[in-house]
Structures are given as C-alpha cells and as structure tokens.
Amino acid sequence: MLTSVDTDLLRVLADPLRLRIVTLLANETLCSTHLIEETGARQTNVSNHLKVLREAGIVETEPCGRFTYYRLKADVIASLADGFADLAETARATAENNVKRSCP
C-alpha cells in the first residue's frame, strides 16, 4: 500500500520538469549542463528541481572535477512501483470478490 512517504514522492514527481529530469536520468548519469540542454529549462530552474529531487532522495550526486553528475536512485523508484503494484493487486482482488460497503 502507498504510505505517506510514497505520497511525498508522488508530489515531487508530479511536476512535469522533475518527471522529465527523472526520465532522462533513468537512461544515463548527467550533469546539470546536459539537463539544461535536454529540457530547455533555465539553469536556476533545473538546479532548483535537482535540489528538490536530492532532498526527496530520488537522485544522488557524484562530483567529477568542476561538474556534479546526477544519478537516479533506482531503488526509490522501484519501491514506489512496488507500492503501485500492491495497490493494483488489492483493486483486482476487490473487483473479483465484489467487495463493497453497504450504504447506511
């Protein structure tokens, strides 16, 4: 089942630019310069979104000279996916068993 931690992650991922960044980072480790080029967003905007993603524990950083590379933490996304899979299984079981609350 989805927990309050998961709902916080959902709020973070609900932003279209953050979701785009996460999608890009799923394919490769990138620095902010790459993300600016790929998204067309301003540097300050990308940096602010990366800060939110870091604070939420969705991405991790790797210093490399004067650049900082960002990597998606797959286990966080997998945990969120597992929560949705559990939710879907519960919904299937509810539908198959015709579970419904009677009206007062």
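Leaving aside its neighbours within four places in sequence, which residues is Ile 21 in contact with? In this predicted model, where local features need pLDDT of at least 70, side-chain atom pairs count only at pLDDT 80 or more, and totals for chains, interfaces and linings use all residues. Residues are numbered from 1 along each chain as its sequence is written, and side-chain values use heavy atoms, with hydrogens and water left out.

With contact taken as heavy atoms within 4.5 Å, the partners of Ile 21 beyond four places in sequence are Leu 35, Thr 39, His 49, Leu 50 and Leu 53. Ile 21 lies in helix α2; helices (H or I, at least four residues) and strands (E, at least two) are DSSP runs, numbered from the N terminus. Ile 21 has a relative accessible area of 0% and is therefore buried, where buried means under 20% relative accessible area, exposed over 50% and partly exposed in between (1.4 Å probe, protein chains only).

Helix α2 (residues 16–27) packs on helix α4 (residues 43–55) at an angle of about 75°, and their axes are 10 Å apart. The axes are lines fitted to C-alpha atoms, for helices over the stretch in contact, and angles run from 0 to 180 degrees between N-to-C directions. This angle makes α2 roughly perpendicular to α4, a label for angles of 65 to 115 degrees. On the α2 side the contact is made by Leu 17, Arg 18, Ile 21 and Val 22, and on the α4 side by Asn 45, His 49, Leu 50, Val 52 and Leu 53. These residues divide into 6 nonpolar, 2 polar and 1 charged; Ala, Val, Leu, Ile, Met, Phe, Trp, Tyr, Cys and Pro count as nonpolar, Asp, Glu, Lys and Arg as charged, and the others, Gly among them, as polar.

The nonpolar core comes next. Such a core is a set of buried Ala, Val, Leu, Ile, Met, Phe, Trp, Tyr and Cys residues joined through side-chain atoms within 4.5 Å. The largest one holds 20 residues, of which Ile 21, Leu 25, Leu 35, Leu 53, Ile 58 and Val 59 touch the most other members. Helix α2 gives the largest share, 5 residues.

Finally, the cysteines form 0 disulfides, a disulfide being a pair of cysteine sulfur atoms within 2.5 Å. The sulfur of Cys 31 is too far for a bond because the closest cysteine sulfur, in Cys 64, is 9.1 Å away.

Notes. Parallel < 35°, antiparallel > 145°, perpendicular 65-115°, else oblique.
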